[in-house]
Amino acid sequence: MTRERITNETFDQLVSAWLDERSHGPAADPVLDAALSRTHRTRQLPGWLVPERWLPMRLATRMASVPRLVPILLLIGLLLAAAVAVGIVGSQRRLPPPFGLAAPGLVAFIAGGDLWTANPDGSNRVRLTTDPRIDGFPVFSRDGTRIAFKRLPVDNSRPDWEDWGDIVVADADGSHSMVLDPDVHSPSPMSWSGDGRFLVYSRSVGGVDQVFIAATDGSMRRQVTSDEQDSWGPTLSPDGRTIAFVKSNIGIFVIQTDSTGGRQIAAGPIEQFEFAEWSPDGSKLLYSARAGGDSPDVWSVGLDGQPPHQLVATPDEEYGATWSPDGQWIAYLSWAGGHRVTVARADGSHPRPISEPGAWRYPQWSPDARHVLAVDWRDGGSQPIVAILDPFGSAPMTSFAIPDVPGLGRADFASWQRLALP
């Protein structure tokens, strides 16, 4: 027997003939009555549910074939998955680049020995730590998601207790805090790597300050220098490969993070607790030194072997210099019967004071380079203020007072969080 293949057309003809025969047979009336009864009770589909309204007719006709429906369902599933992924990514916070301009976020500061954050105008103050020990020197990570700070022991808990402390990191809201280096002697402020994976700082080893590097997940801690002279206040270069640090009576030095390539790049007595700060492009360092004069002046030096360049030279003292995020300006402290916050172009030209004389500490640029943040120890430091200064116009100073622990001097530094630009 020969098996012939039935085409779609032949099948349609057979079905039509069978239906025609049934419609004239003895069972026609019951079949017709049942069909009319069913269709009479069934409500017509709305137009927006009819496939032909939103699919091409040819595609709608073929949907009756189950195998042809599978690719469509797969496509719809992929589109839904993509939409969910976009929604999840869109709900996550966008991060700013580690260097260059960014949007201003919260301001971190110390009040009453605890770590706080607030909006730049002082509103929405949030206390992040409530430890009986005393926190100090908060520094936001370059992407604004975490914060590092020092934590001293309990007051008078040991001899020279103010010289000891923990190196602590936490999320920007104070949660998930972790001690990276416990109970260290003379810890300096910390410097973040651009990717947030490492911190560098100095601590005393055998009575001599040495540079350390630590992974911010707690997985690694290593001593970088082993010098006979104090190596203090290290800062990481933007590429995360080179550490600059101060030898207070000698000058500025650099060393690779793997402890190789150590060398001096600038000479001159550096002011106590002075930092060398990298320019945003990593090409040079900004610092203050008594090089060639009795009062400290502002200098810059590159890694190209060229001699340092004196940016600001006056009979007054200038120190605490810092770059704007775009590298176009510097801010520093100058003495005129009191400390004044002063700004100048990156080459030191066109200097202009932007504050009244006071007891100002550590000026910092806003992430968008439009304002300068500093702490003023007015009234002898018992009621310091966090101030936002306008370096380019005549806008009034914005400030808010913060309670301090008398005599400890911990409310001397504020840090500005970086956010992604809109």
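His176 is exposed, with a relative accessible area of 63%. That value, like everything else here, comes from a predicted model. The residue belongs to the loop that runs between β6 (164–171) and β7 (178–185). Its backbone is worth a look too: phi of His176 is near 55°, a positive value in a residue other than glycine. As background, most residues other than glycine have a negative phi.

Ala369 also has a positive phi, in this case near 65°, and again the residue is not a glycine. Its place is the loop between β24 (360–365) and β25 (372–376). Is Ala369 buried or exposed? Its relative accessibility is 6%, and because anything under 20% is called buried, Ala369 counts as buried. For His176, the 63% makes it exposed, because the cut-off for that label is over 50%.

Stepping back to the whole protein chain, there are 5 helices and 28 strands. The chain has 422 residues, and buried ones make up 43% of them. Looking at contacts with a separation of 6 or more, 40% are accounted for by residues 24 or more positions apart.

Some of the strands form an open sheet of 4, in the order β12-β13-β14-β15, with antiparallel pairing. At its edges are β12 (232–236) and β15 (263–267), each of which pairs on one side only. On average, neighbouring strands of this sheet are turned by 25° against each other, direction ignored. Within the sheet, β14 (residues 251–256) and β15 run antiparallel and are joined by 4 bridges. In this pairing, Ile252 stands opposite Ala266 in β15.

Another strand to pick out is β18 (residues 297–302). How many of its residues are buried? The count is 6 of 6, so the strand is mostly covered, since buried means under 20% relative accessible area. In a regular strand the side chains alternate between the two faces of the sheet. In β18 both faces are covered: Asp297, Trp299 and Val301 are buried on one side, and Val298, Ser300 and Gly302 are buried on the other.

Strand β18 has antiparallel links to β17 and to β19. With β17 (residues 284–289) there are 6 bridges, and Ala289 stands opposite Asp297 in β18. With β19 (residues 309–312) there are 3 bridges, and here Trp299 faces Gln310 in β19. Strands β18 and β19 make a hairpin with 6 residues between them, where Gly305 takes a positive phi near 85°.

Gly393 is found in the loop between β26 (385–389) and β27 (398–401).

Notes: Residues are numbered from 1 along each chain as its sequence is written. This is a predicted model: local features need pLDDT of at least 70, side-chain atom pairs count only at pLDDT 80 or more; totals for chains, interfaces and linings use all residues. Side-chain values use heavy atoms; hydrogens and water are left out. Helices (H or I, at least four residues) and strands (E, at least two) are DSSP runs, numbered from the N terminus. Buried means under 20% relative accessible area, exposed over 50%, partly exposed in between (1.4 Å probe, protein chains only). Two strands pair if DSSP finds at least two bridges between them. Axes are lines fitted to C-alpha atoms, for helices over the stretch in contact, and angles run from 0 to 180 degrees between N-to-C directions. Contact means heavy atoms within 4.5 Å.
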